[in-house]
Amino acid sequence: MRLADDRGSGTVLVLGIAAAVLALALLVVGAGTASIAQARAAAAADAAALAAADALSGYATGDPCGLASRVAAASGARLDACEVTGLDVRIAASVPVGPLVASGVARAGPPR
């Protein structure tokens, strides 16, 4: 014997489960996107720091920070900071992720 007030309860349950699965999927995609952006920012900072160190040591021509800025832009990042101390260069780069920003920092220069 079935009660009349149980009709449609399965539909509500399925909709609730579907909403939970969708929310979890969006969370996973967001975390993956942020992780990829952080890796891109770190790679851009590494490449920019190496380019600036090459300019300081004479292997490349031009202003070290200007060269670092062009390399970061070619990598899809923005150069946030460029600090030159002797032959060492410290670079900070960032990549936008929607309303947020992922950043990376790198140092390049001769071994200590």
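How many bridges join strand β2 to strand β3? Nine do, and the two strands run antiparallel. The model is predicted.

## The β2–β3 hairpin

Strand β2 covers residues 88-97 and strand β3 covers residues 100-108. Together they form a hairpin, with two residues between the strands. G98 sits in the turn. Its phi is positive, at about 60°.

## Packing of α1 and α2

Two packed helices are described by the angle between their axes and the distance between the axes. Helix α1 spans residues 9-57, and helix α2 spans residues 64-74. Their packing angle is about 150°, and their axes lie 8 Å apart. Angles over 145 degrees count as roughly antiparallel, so α1 is roughly antiparallel to α2. The crossing of α1 and α2 is right-handed.

From α1, the contact draws on A47, A48, A51, A52, A55 and L56. From α2, P64, L67, A68, V71 and A72 take part. By class, this contact of α1 with α2 has 11 nonpolar residues, no polar residues and no charged residues.

## The disulfide

A disulfide is a covalent bond between the sulfur atoms of two cysteines. The structure holds one. C65 is joined to C82, with an S to S distance of 2.0 Å. The angle about the S-S bond is -80°, and the link of C65 and C82 is left-handed.

C65 lies in helix α2, whereas C82 lies in strand β1 (residues 78-85), so the pair ties together parts that are 17 residues apart in sequence.

How values were computed: Residues are numbered from 1 along each chain as its sequence is written. This is a predicted model: local features need pLDDT of at least 70, side-chain atom pairs count only at pLDDT 80 or more; totals for chains, interfaces and linings use all residues. Side-chain values use heavy atoms; hydrogens and water are left out. Axes are lines fitted to C-alpha atoms, for helices over the stretch in contact, and angles run from 0 to 180 degrees between N-to-C directions. Helices (H or I, at least four residues) and strands (E, at least two) are DSSP runs, numbered from the N terminus. Angles under 35 degrees count as roughly parallel, over 145 as roughly antiparallel, 65 to 115 as roughly perpendicular and the rest as oblique. A crossing is left-handed if the near helix is turned anticlockwise from the far one by less than a right angle, and right-handed if clockwise. Contact means heavy atoms within 4.5 Å. Ala, Val, Leu, Ile, Met, Phe, Trp, Tyr, Cys and Pro count as nonpolar, Asp, Glu, Lys and Arg as charged, and the others, Gly among them, as polar. Two strands pair if DSSP finds at least two bridges between them. A disulfide is a pair of cysteine sulfur atoms within 2.5 Å.
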